[in-house]
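I opened this notebook page to record what I looked up in the model, element by element. The entries follow the order in which I went through them.

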Amino acid sequence: MITLDGAIESPAAFTPPSMRTNLPFLKPKNPRLLVIGGSGRLGGLLRAAWATGAGAAPVTAWQGRRAEDFAAFGGPSLLFDPLGDPAAFAAAARAADVILALAGVVRGDAAALALNTDLARAACDAADAAGGRPVILASSAAVYGAGAGRPCAETDAPAPLAPYGAAKAAMEAALAERPGVTVLRIGNVLGADALFGAPPPGLRWLDILPSGHGPERSFIGPQAFARALSRLVRLLAAGAALPRVINLALPGVVAMDALLEAANEHWLSRRAPEGVIARVELDVARAVGLGLVPEAPASAAALIADLREVPGHTEEDEALRRWREKTNFPIGFDDDLNPFPIEPEAPEEGASAVRGKPDEADK
């Protein structure tokens, strides 16, 4: 049973039949967390969510390489290069109870993407130099590729479709024998993706499948993500023996068109081309069993409400919304199933009218 403050009353309650864990009573004080790569989109969203009081936020040191990277977040706590200054990294690790490695490379050539492994290894090396610290490595649902027609479980063999997913799978494999590592295969964090985190300046396009809906994915809101990490950090700091790999998302899937409609966004639909993957769902039984996420399935309305309570992600003001609707920037999806803005093209066969509720003045 989980109390309101997230403490564990009965360790046995968190031992599902499918796994074996040893969950201790959590320490009342907040652990110290070192976040590597905290100036990225996901790190910024996490910082903002913790600032709202989502979860019992750990005492967090935010690492950066350049102070200007943190201009929007109130500045970094520590400045050092995780690859070029191992001594500084080890010193920072000694002052922490847990290390969260968010730093990574999303796009680039093979050499650039290989830095994902280098950065993860540097975090493990710093943890070892500090006398042993638990390390959380941020991986991605992209390692599963299109899935196998059922929820993707942590025991499934990686089958990435594109270089980024392959790079994350390679990172996991390279560090498979390192002790003290927890790999988080993270689903779509609303607000850290291009769909809502970096919306295009114009009206969105969305591929619509024969079902009449957009692609379905496993999502988690920023506050739910922050609460999950708060609990995971406390478990690791308390010495819990956890599964090495954990999928992190809310249960179930949500269609992308449902999210846009719940947010009252205006968008255009077009017939999905061949090859668009209709559904990718993560099996989150481990995350539910550990109390990281609730059992209730995700819903579009709840996800949008979660996002809009985070500073910087409130509903757009009227003038900006009207300006955005004057142009057309579609949303596409890369081979790792992430949405991204692409240059507008001429309307194609199968394109529909605007979805949503255009104002009379804009007709």
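Entry 1: I began with an open sheet of three strands, in the order β12-β9-β14 and with mixed pairing. Because β12 (254-255) and β14 (279-280) stand at the edges with a single partner strand each, one side of each is left without a neighbour in this sheet. I then looked up the pairing of β9 (residues 216-217) with β14, which is parallel over two bridges, and I found E216 opposite R279 of β14. For my own reference, strands are DSSP runs of E with at least two residues, helices are runs of H or I with at least four, both numbered from the N terminus, and two strands pair if DSSP finds at least two bridges between them.

**Entry 2: what kind of model this is.** I note that the model is predicted, that local features need pLDDT of at least 70 and side-chain atom pairs count only at pLDDT 80 or more, while totals for chains, interfaces and linings use all residues. Residues are numbered from 1 along each chain as its sequence is written, and side-chain values use heavy atoms, with hydrogens and water left out.

**Entry 3: the overall count.** I listed ten helices and 17 strands in the protein. Of its 363 residues, 50% are buried, where buried means under 20% relative accessible area, exposed means over 50% and partly exposed lies in between, with a 1.4 Å probe and protein chains only. Among contacts with a separation of 6 or more, residues 24 or more positions apart account for 80%, a contact being heavy atoms within 4.5 Å.

**Entry 4: the seven-stranded sheet.** Next I traced an open sheet with parallel pairing, whose seven strands have the order β3-β2-β1-β4-β5-β6-β11. Its edge strands, β3 (78-79) and β11 (245-248), pair on one side only. Strand β1 (residues 32-36) pairs with β4 (residues 98-101) in the parallel sense over four bridges, and L34 stands opposite I99 in β4.

How many bridges join β4 to β5? I found three, with the two strands running parallel, and A101 stands opposite L137 in β5. Between β5 and β6 there are six bridges, again in parallel, with A138 opposite L184 in β6.

I looked separately at how β5 is covered, and six of its six residues are buried. V135, L137 and S139 lie on one side and I136, A138 and S140 on the other, so that both faces are covered.

Entry 5: Helix α1 (residues 41-51) lies across β1, β2 (59-64), β4 and β6 (181-186), and runs at about 155° to β2. Helix α4 (residues 115-129) also packs on the sheet, where it touches β4, β5 (135-140) and β6, and its direction makes about 170° with that of β5. Axes here are lines fitted to C-alpha atoms, for helices over the stretch in contact, with angles from 0 to 180 degrees between N-to-C directions.

**Entry 6: α1 against α6.** The axes of α1 and α6 (residues 222-237) come within 9 Å and cross at roughly 85°. That makes the two helices roughly perpendicular, a word kept for angles of 65 to 115 degrees. From α1, L42, L45, L46, A49 and W50 meet P222, Q223, F225, A226, L229 and S230 of α6.

**Entry 7: the nonpolar cores.** A core here is a set of buried Ala, Val, Leu, Ile, Met, Phe, Trp, Tyr and Cys residues joined through side-chain atoms within 4.5 Å. In the largest one, of 65 residues, F196, L232 and L259 touch the most other members, and α6 gives the largest share, nine residues. Leaving out residues up to four places away in sequence, I found that L259 touches L190, L195, F196, F219, V254, A300, L303 and I304. A second, separate core has 23 residues, including I36, F80, A93 and L175.

Most residues other than glycine have a negative phi. N264 has a positive phi of about 60° although it is not a glycine; N264 is found in the loop between α7 (256-262) and β13 (267-271), and is partly exposed at 41% relative accessible area.

Methods: Parallel < 35°, antiparallel > 145°, perpendicular 65-115°, else oblique.
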